[in-house]
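Hi,

Have a look at it first, and my notes follow below.

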Amino acid sequence: MNGIHDMGGMHGMGPIDVHEDERPFHAEWEGRAWGLIRAAGPFGPERRRNFRYEHEILPPAQYLQMQYYERFIRLLIERLMAAKLLTEAELQSGHADPASPRYTPRVTPASIAEQFGRRRSLRREDVKVRAGFKTGQRVRARNIHPVGHTRLPRYMRGHVGTVLTDHGVFGFQDTDADGYALPDKPQHVYTVEFTARELWGNTAHPRDTVHAELWEDYLERP
Amino acid sequence: MADAEDRPVGRRKFLSDAAAGTAGLVAAPRLGANAQANAVAQDQGHQAVPSDVALRVKALESILVEKGMVDPAAIDAVIDTYESKVGPRNGARVVAKAWTDPAFRKRLLTDATAAIAELGYAGAQGEHMVVVENTPTVHNLVVCTLCSCYPWPVLGLPPTWYKSAPYRSRVVIDPRGVLKEFGVALSDDVQVRVWDSTAEIRYLVLPERPAGAEGLTEEQLAALVTRNAMVGVARLSGARGAA
């Protein structure tokens, strides 16, 4: 969707906090929040929307104002409420309703270690799909505007670049208009190089380039 | 946005507060500057979300622990993983080895995932690694304009600026301006390559080895490598063209 999250090329977002140190969390709540998100992750509605789409449909003003982990917590709360695993009264009181069902944790300290070590590759070695484009070939990013989740940034659409690498076949991540997975459509993913001038015009530096990995469905012959 | 309420407290205190109940803590009157935002949120029908994020997280943790959905030790394990196991020191070891072992450097630039796995770093968000090498004429920068994609096994969690609007919006249209903001001035003969992590590939920048670091051991070299240099927003001191 053409949401606020797709911000490549926008102006006016302010200065960067360049002095941030290398600690992973800068307040106790950030670590607790990230841990909670991982630990509670398996609970929620049976049919899941794409989690990135859930972020993308937040109202733009809120998306920009919220801290990163705050957004995840807000979405975790919404997901648990949608599955009737959490109520507003509980959040207000800070305690579980004594009458609510009791569960068993699905994530344990041991499974956390296992999660970190696990490869969750979307690469599809199981299917043979013909590559539509070759390394070195000129390609155009299609001028399309999917309303669901998509990985084709707006700033690339309609522009011509060169295929640098064919990464093989991956599951397509775009969703339907409501953020739910589309029927399986594995396809090649390519790194495409655009010149900065192609994307931004003649004020861009003549040597500079921007690269992205684009699924075959995003590309056409120029 | 962090106020006094957000300052780190000991994990034990955090948990004991949570165990003692948070009913008083989630009440609006203590929340100061955020109370106004909460009032706005309530007008818009978002009463479910208490205003102060730290207190909300604490309340949510107590509720989910009471329901038996969450084991607090699993939360501790996540925090410990990022604080002591997975972070930019891993990437720094990869870089230092590439500087001292030409055969490894070659493997790293051809099949980064396998080369990085030789050092024991693999797993979620590191399934498909690509290493891009800085040279006297090429400077690489990594971003995820759409989200926050980042190579966890070698760099850990991304810094806040990496996930925030100013960096994500600007680095693709004005990489040299962004670099300048980070204190890196590049001459016109250097090419800037920006890598927008839109799919499943995760990037690590191999910085130039600083001049004058010839006699150092691999471990001493690793200590020179910063997170920012491996994202591409810093050059290591002594390297050609450093600001």
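A word on terms before the notes: helices here are DSSP runs of H or I with at least four residues, strands are runs of E with at least two, and both are numbered from the N terminus. Keep in mind that this is a predicted model, so local features need pLDDT of at least 70 and side-chain atom pairs count only at pLDDT 80 or more, while totals for chains, interfaces and linings use all residues. Residues are numbered from 1 along each chain as its sequence is written, and chains are lettered from A and ligands numbered from 1 in the order in which they are written.

Chain B first. On that DSSP basis, chain B has 14 helices and four strands. Of its 243 residues, 52% are buried, where buried means 20 or more other C-beta atoms within 10 Å of the residue's own, exposed means 12 or fewer, and partly exposed is in between, with C-beta atoms placed from the backbone. For contacts I take two residues whose C-beta atoms, placed from the backbone, lie within 7 Å. Among the contacts in chain B with a separation of 6 or more, 70% come from residues 24 or more positions apart.

Chain A has seven helices and five strands. Read from the N terminus, the order is α-α-α-α-α-α-β-β-β-α-β-β. Its C-alpha trace spans about 65 × 45 × 35 Å along the principal axes, and 36% of its 222 residues are buried.

Chain A also comes with a domain assignment: domain 1 covers 28–117 and domain 2 covers 138–220, with bounds from an automatic or database domain assignment. Taken over C-alpha atoms, the centres of these two domains of chain A are 31 Å apart. Seven residues of domain 1 touch seven residues of domain 2 in chain A. On the domain 1 side there are one nonpolar, one polar and five charged residues. The classes are: Ala, Val, Leu, Ile, Met, Phe, Trp, Tyr, Cys and Pro nonpolar; Asp, Glu, Lys and Arg charged; the others, Gly among them, polar.

Now, how many residues does each chain give to the contact between A and B? Chain B gives 82 residues and chain A gives 82 residues. On the chain B side, elements with two or more residues include α2 (23–26), α5 (72–85) and β3 (191–196).

Strand β4 (residues 209–215) of chain A pairs with β3(B) in the parallel sense over four bridges. In that pairing region, A:Thr209 stands opposite B:Arg193 of β3(B).

A:Lys84 is not a glycine, yet has a positive phi of about 60 degrees. B:Gln125 lies in the loop between α8 (112–118) and β1 (129–133) of chain B, but is buried, with 22 other C-beta atoms within 10 Å.

Cheers

Methods. Two strands pair if DSSP finds at least two bridges between them.
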